[in-house]
Amino acid sequence: MALKELQNLDLKKLAQEGVEKSKFDSAFVYRYPFSEDMPPVNLKEFEESAFEFDSVEMPLYIHIPFCTKACFYCHYFKTVPSSEQAVENYLQALKKEATAYAERLESKARINCLFFGGGTPTHLPAKKINQIVSSMEEKFEFAEKIEATVESSPETLSEGKLSALAGKFNRLSIGVQSFDDEVLRGANRNHSGEQAVKAIEAGKAAGFESVNIDLIYGLPGQSTESWRKTLETAAGLGLESVTASSLRILRGTKFRSMPESAFPSEEQKLEMHSAFIEKFSKQGMLHCFPYQFVKLGQQMLFLENQWSNREFLGLGASSCSFLNKWDFNNWFPVQNYIEKVEENGFSAAVGKRISKEEEMIRMLALGMKKSGINREDNGVNKIEFEKKFGAGIEEVFKQEVSKLRELELLKESNGYLGLSPKGLLFFDEVGRVFASKN
Ligand code: SF4
């Protein structure tokens, strides 16, 4: 969306219609029902029905919750480990949990992608990370060629570590956030912009098929000028994938106690998001999600799967899974997680088997994320939705679709209902409008 059109955006009118940008406590929509509405898991029901499905290919997510220090915006479950033994105890529990799932899934699940997230998985030595991968390969059935991603932070990467990891992973994702040192300091990041550039270059030299960087806009002290420079640097690095997230100021983070005036305004953030889209759509890259561009052929199966309402398994403290309509999170912090795994192998804490109505909302609220400025399959496939639920999108979400169309946030093309160029700037807010149906 051009900046000229941005100036015509009536944020007040959108807010009155329930499409409101809010700085505080408005989390990324990554599941439906939302986490705060999830009850404690009924373990008996869970064990009886979570594994009752036919053969599927699914991603396996592994949560490594260790970091070198805590960033001021971070709401993910992470910890600075107290000792090597504490790390070892966690990894043992991880293996035990994997065994419990592998025994129940038997050969029904084939792992088609592996994602090590956190935390900072590369806080661990490469040897330990690769050992966990080998242990997963022994327990689960893996597809012949899988997408394997490891998340990292620049200060934890060295040439030796990267080349060892490239033996097991084909994708490297680096949390960079900004190349501006002042902005990085203000967010309590543990690296400089220069270190980030070196880590990216070393990652590329190590032979990963794809290197992604994560950036954040809306950080304190971050001007539009600084953001544009960060985009310029990123564009010059020949990356396979660039992800730009809007800062979310959530409870429990250091930023939550700072005044609103410390952060760029919502208007500035819209301009920053728009600048991201403008910059990378000119690079011949695919806008696969509103917040991510990739080189053609480098679409991320892991996220496509998640936004398509398909099964995935998450292991480790706080991780999230979706199995036979069971949407649930594991226990955290580490000690609780370990105790639960010791008790019965699983560590499911909150979640439930979602109803058909909830699944329809989930399909739309998450599926809207499969929208991009140049995606041909933009959004949710209307025929697939109708086949699955026996009713069309417009029939089930009559009011919501008509309101969003009036606000020019939706676009229909090639049999898909997805976000319009304007809607791409409001992808979570549109998801919340579909969620408001309940
Ligand atoms: S490195 Fe990542 S996981 Fe760790 S505190 Fe920072 S943002 Fe959170």
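The model is predicted. Strand 14 and strand 15 (residues 416-419) run antiparallel and are joined by four bridges. Within this pairing, Leu410 has Leu419 in strand 15 as its bridge partner. Both strands belong to an open sheet of three strands, ordered 13-15-14 and paired antiparallel. Strands 13 and 14 stand at the edges with a single partner strand each, so one side of each lacks a neighbour in the sheet.

| Strand | Residues |
|---|---|
| Strand 13 | 380-381 |
| Strand 14 | 410-413 |
| Strand 15 | 416-419 |

Strand 15 also takes part in covering the buried residues of helix 17, as do helix 13 (356-367) and helix 16 (398-406). Helix 17 (residues 427-435) is largely enclosed by the rest of the structure, because seven of its nine residues are buried. These are Phe427, Asp428, Glu429, Val430, Gly431, Val433 and Phe434.

Which residues touch the most other members of the largest nonpolar core? They are Leu364 and Val430, in a core of 126 residues. Domain 1 (1-33 + 355-438) and domain 2 (35-306) each supply at least three residues to this core. Leaving aside residues up to four places away in sequence, Leu364 touches Val380, Ile393, Phe397 and Phe434.

The ligand has around it Cys67, Ala70, Cys71, Cys74, Tyr76, Lys78, Gly118, Gly119, Thr120, Ser153 and Gly175. By type, this shell divides into five nonpolar residues, five polar and one charged.

Conventions: Residues are numbered from 1 along each chain as its sequence is written. This is a predicted model: local features need pLDDT of at least 70, side-chain atom pairs count only at pLDDT 80 or more; totals for chains, interfaces and linings use all residues. A residue is near a molecule or strand if its C-beta atom, placed from the backbone, lies within 6 Å of it. Ala, Val, Leu, Ile, Met, Phe, Trp, Tyr, Cys and Pro count as nonpolar, Asp, Glu, Lys and Arg as charged, and the others, Gly among them, as polar. Two strands pair if DSSP finds at least two bridges between them. Helices (H or I, at least four residues) and strands (E, at least two) are DSSP runs, numbered from the N terminus. A nonpolar core is a set of buried Ala, Val, Leu, Ile, Met, Phe, Trp, Tyr and Cys residues joined through C-beta atoms within 7 Å. A residue is buried if 20 or more other C-beta atoms lie within 10 Å of its own, exposed if 12 or fewer, and partly exposed in between; C-beta atoms are placed from the backbone. Domain bounds come from an automatic or database domain assignment. Two residues are in contact if their C-beta atoms, placed from the backbone, lie within 7 Å.
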